[in-house]
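Please look at the sequence and the 3D structure first.

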Amino acid sequence: MHRTYSMRTSRLPTASQVENPPPPVSTTKTGRWLGVGGIGHAFRKNAAGAFGPDLSRKLAQLVKMEKNVMRSMEMVARERMEVAVPTSLSRGEACDEDVSDVTDKLGVLIYEIGELEDQFVDRYDQYRVTIKSIRNIEASVQPSRDRKQKITDEIAKLKYKDPQSPRIVVLEQELVRAEAESLVAEAQLSNITREKVKAAFQYQFDALREHCEKVAIIAGYGKHLLDLIDDTPVTPGETRYAYDGYDASKAIIQDCEDALSNWVSSKAVVKSSLSTRSRTLSQRHRENIAKRIEGIDLSSQDAPMNGDRDSWLPADEHPNYEDDAASTIEGEERGREEEREPIAA
C-alpha cells in the first residue's frame, strides 16, 4: 500500500486511541529467538520461497506464513479455553456470593470466546486453501513459459552460429505452437487468479466480521454481568446486603447465547459506509466493466421486419408506387431545369 494512504503509517491517533489510549507493547513480542513464531515459524517462512517455480514462489511464501498465523491462532484459542477454567473457579472460592457468581459466568463467556477463535481458524483456512490453489495454478503455468523461453534461446543461438540451418524453421514452428499453448495458459491463469483472489479474501473478511461481531456481543454481555457486582465501599464491620442476582446472571448468559445463535451477517451492527465520492467512483468503475462485458448494442439501429419473409413486396407492387414514382420524376425534372445553363450563341 502507498505510504501516504496507509492507515498503519498514520501519525495522528485514531478516535478509539484518543478515547482509550493503547497499552504498552506486550513483553511477549520482544525477546523471541528466531522471529515471532520461534524456530518452526522462521523456517517455514524462509524456506517457502526458496524452492519451486519462480512464478509461484511469492505465493508459496504467503501460504506458509498464513500457516504460521493459523497455528498461532490455534494456540491462542486453546489457551483461552484453558484460562477460562481458573477464571470460574479460583476467583469465586474465596470471594463473596456476587463475585463468585459473576466470575463463574465470566469464565463461561471467556470459554465461548476461545471456541469462537477455534471456529475462526477453520473459516480462515478457507482463505488459505483458496490462495494455495492459485499457487498451484501458477506452478502449472511455469513449464509452458520455460518451454517457450528455451525454444526462443535455441533459435537465437542457431541464427548466430548457422543462419542457414534447416532446424530454424522447425524450431520456429514449435515456437508458434508453444506461444499458442502459453497464451491459453496465461489467459486461464489471469481469469482464475482474479476469481480466486476475490473468493479468498471474501472468506477472510466474512470470517473476521463474524468473529469480531460475536466477540463484541460477548464483551457487551460481560459488562452487563459486571454490573451485578456491588462495588460500593463499606466501613469495617458493616455487612453487605444479601446477593440476589443469580437469576439475573443466568438470564444474561441465556441472552448472550441467543444473540450468538441468532447473529447473521445481514444484521451486523458495524456497517462500512462509503463516502459520496467513493460510491460514485466505484459505481462508475462497475458500469465500465459491465459495458466492456456486454459490448455496444446495435440491435436498435435496424428495425426487424414485421411478420415473416412472405410479407415483403417488390417496389412496383406497392400500393403507392405510381404516386411516389411520379412525384420523384417531377422533382428530378424540376431539378434538372433549375440546374440547366443557357447555351451561348
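**Salt bridges, cores and cysteines**

Asp104 is partly exposed, at 31% relative accessibility. Buried means under 20% relative accessible area, exposed means over 50%, and partly exposed lies in between, with a 1.4 Å probe and protein chains only. The model is predicted: local features need pLDDT of at least 70, side-chain atom pairs count only at pLDDT 80 or more, and totals for chains, interfaces and linings use all residues. Residues are numbered from 1 along each chain as its sequence is written, and side-chain values use heavy atoms, with hydrogens and water left out.

Side chains of opposite charge can pair when their charged atoms come close. Asp104 forms a salt bridge with Lys105, at 3.9 Å from N to O. A salt bridge here is a side-chain nitrogen of Lys or Arg within 4 Å of a carboxyl oxygen of Asp or Glu. Lys105 is buried, with a relative accessible area of 11%.

Helices (H or I, at least four residues) and strands (E, at least two) are DSSP runs, numbered from the N terminus. Arg123 is partly exposed, at 29% relative accessible area. Glu172 in helix α5 and Lys159 in helix α4 are 13 residues apart, and their salt bridge has its closest N and O atoms at 3.6 Å.

Next come the nonpolar residues. The largest nonpolar core has 15 residues, and Val102, Leu106, Leu109, Ile218, Leu225, Cys256 and Leu260 touch the most other members. Such a core is a set of buried Ala, Val, Leu, Ile, Met, Phe, Trp, Tyr and Cys residues joined through side-chain atoms within 4.5 Å. Helices α4 (97-161), α5 (167-226) and α6 (246-262) each supply at least two residues of this core, and α4 gives the most, with five. A second, separate core has 12 residues, including Val63, Met73, Ala200 and Ala207.

What does Leu109 touch, not counting residues up to four places away in sequence? Its contacts (heavy atoms within 4.5 Å) are Ile218, Tyr221, Gly222, Leu225, Ile253 and Cys256.

Cys256 is buried, at 3% relative accessible area, while Cys212 is partly exposed at 46%. The structure holds zero disulfides, a disulfide being a pair of cysteine sulfur atoms within 2.5 Å.
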